[in-house]
Amino acid sequence: MHFAHSTKNPNRSDWQPLFEHLEEVAALAATRAEKFGAALAAGLAGRLHDLGKYAEAFQRYIQGRGATIQQRIDHSTAGARLALDRSKAGAPPDRLMMDLVAYLVAGHHAGLPDRLGGAASLDGRVTQATVEPLDPIWTSEVTLATSGLFPANFRWHPDPSRRAFQIAALGRMIFSCLIDADRIDTERFYARIERRQVDRDWPRLPDIAERLIVAFDAHMAGMKTADTAVNRLRGNVLAQVRARAASPRGVFTLNVPTGGGKTLASLGFALDHARHHGMDRIVTAIPFTSVIDQTAGIFRSVLGEDVVLEHHSAIEEERVSSAAARDKLRLAMEDWAAPIVVTTNVQLLESLFSDRPSRCRKLHNLANAVIILDEAQTIPLPVLRPSVAALDELARNYGCSIVLCTATQPALAQPDFIGGFELGPDSELAPDPAELHGALRRFRLQFEGELSDDDLVAALAEHDRALVIVNSRAHALALYSAVKAAGLDGAIHLTTRQTAADRRVILAEVKARLDPRNARPCRLIATSLVEAGVDLDFPRVWRAEAGLDQIAQAGGRCNREGRNPVDDSIVTVFCPAEAKPPREIAGFIGDMARMKSHHGDDPLSPAAMRDYFEEVYWRKGDQGLDRIRAKDLDGANATIKVMEAFSVGSGTTNFAYRTVGEGFRLIESGLAPVIVAIDDAAKQTLDGLRHGWLTPGACARQLQSYTVQVPPKARQTLIENGHVRFVAGFGDQFAELMTGSLYTREVGLLWENADYLGTEGVIV
């Protein structure tokens, strides 16, 4: 008897037989891949993934008679080698799929490999690794089906150069099925042995869609909203968007001005669309963690707590009421089995290009889903083209509907955007975006030219509720200090100098001050983090020059509810006298200026916005729309074009899964984290880390809301002067602020003061 998993029982009566594990994983993987026609290929990967455990050396290891944990036996390469050997025979599509399966089997523990590039590559492993001979009994216990593997109804992209990318994406989706099946079967085995329950149960969306729609309708009917023109337009948008729910699956746009009710309109469409087509889940991706709480909170209040999974890097598990609920949350974040998922663009898009088993595991649950991409214009330019290609592929071959939901719709459709979406005349869900833009206009835009900080302070002195958005944390702090020095009431500072936990408190205070039922002075100085999706309503806004989309987003914070006359609600765009724009923003300012000259009557109209994005994409060209860092190529600054990292020729593949997975990042901040543990929750988390009752991974997740990202040189200076110290025993993973006087909730972290020696360390 050959075994896959063992227990402490020496008679082996409760050990898991290897053939049983292979068959269970094959069946589970096939069931998951059935939705996109790859059941046979997934089943084959399941039978091959642990084939190396038929080696005598592995059986000695699992029985404790051979290798130590430090000398673990390679049990992945044998199946990969067999797949490549079998790929040399059969029909071309089957040879291609066998080739593909080899990557998945080789990578089911270490991650998807590159085809070429040294001992860790697929070719390196199958030709150089020491693979122990297998007991021939495997041929009687494991049956391998190697024909009919390619999905029968696969839809090829009309551009032949895109097809290798499609096959690579198919491989990653099958990999997801394999990983989830392997983890589930192993989990079930040990849970049964340990007599513990694993709660992965979520209701199926098709079973509860009717109930959720009733809840949505009841929520909308019960909303106490004033009978204003803005609210009537929001109601009209919602009604017309929902009327389109029976449309065939595909890629849609929802082009509604900021404040036009996009969040609830997109949810209403998704619920109706999912019910009509029997779809499995709704996934909403949001660009910034600063607003994900807001959206997840709306969804929970409408649909209920038991159907919404919130998954992002700043999730605070301690906010969950019980240990059982926290365990379920952690399990759900692994595979996204919940009917409603609220996540970030980072989680969604980086997972679609990942090589890591843990991140890829959830991908198969994107099949047959409605995916709402909120603020689609925020996808960073270096990863824009491959991101569009991946989303297009989900719609093309995995039964998804994609909703690009934004107030400033980027020009991502063919032929204007090479490799973009194939949008038809009925792709837009909103009723006449141009007319809607005019009807929902709630502010007047004016360009002021150069303004100094003194000019801004003087302007703020005349308005007790106003918002100023600038392009850097340094400028925001300087302007806030000037406002405070002038003695203006209600001055509030909001930037990423503050922790996410403190920013939530500050935003709640801002909203309370702006509440018309108890309005108080509120002069908010902030960076662009308030622009995308943060529900604020100021009568006056000043915005430092930036891209046209950012100016439109800033305008969405002005007279949001339409309570004031348009002519009195002014968004002033200015050139800061004391602060040059960051390099990455300077180019967008030039693009914005050209649209201002071409569309002088209405530079924020949908036509102007389309021309603006076309200008940005033209200016960036191929150098800026499909390049990522690839540290394994020619040095730290080398780049690779994602769309060229996957190629097929002569029936074999050359896929750079690992290189792309390591380099594909939406956020390349170049900053370093500092933990600010001034709250009890953060202190308890660090205590748990130091005393061993919290794992480093759990600790890192829980501390996300209590970190500030700072320039690496500044953090090094803080460390050298004793203001920051690494938690002992964990290398440089957890850098904790020791000098409490450098951080206040009002200002945030003043790393500029790092050069002085902390008074806490001085003995007088």
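**Helix pair and sheet in a predicted model**

Mentor: In α4, G79, A80, A83, L84 and R86 meet M98, D99, V101, A102, V105 and A106 of α5. Contact means heavy atoms within 4.5 Å. This is a predicted model: local features need pLDDT of at least 70, side-chain atom pairs count only at pLDDT 80 or more, and totals for chains, interfaces and linings use all residues. Residues are numbered from 1 along each chain as its sequence is written, and side-chain values use heavy atoms, with hydrogens and water left out.

Trainee: Is α4 roughly parallel or antiparallel to α5?

Mentor: Helices (H or I, at least four residues) and strands (E, at least two) are DSSP runs, numbered from the N terminus. Helix α4 (residues 77–86) packs on α5 (residues 92–106) at about 175°, axes 8 Å apart. Angles over 145 degrees count as roughly antiparallel, under 35 as roughly parallel. So α4 is roughly antiparallel to α5.

Trainee: Which are the edge strands of the sheet?

Mentor: Strands pair if DSSP finds at least two bridges between them. The open sheet has 6 strands, paired in parallel, in the order β3-β8-β7-β4-β6-β5. Edge strands pair on one side only: β3 (251–255) and β5 (308–311).

Trainee: Which residue in β7 stands opposite I282?

Mentor: Strands β4 (residues 281–286) and β7 (residues 369–374) pair in the parallel sense over 5 bridges. Opposite I282 stands V370.

Definitions and conventions: Axes fitted to C-alpha atoms, helices over the stretch in contact; angles between N-to-C directions. Parallel < 35°, antiparallel > 145°, perpendicular 65-115°, else oblique.
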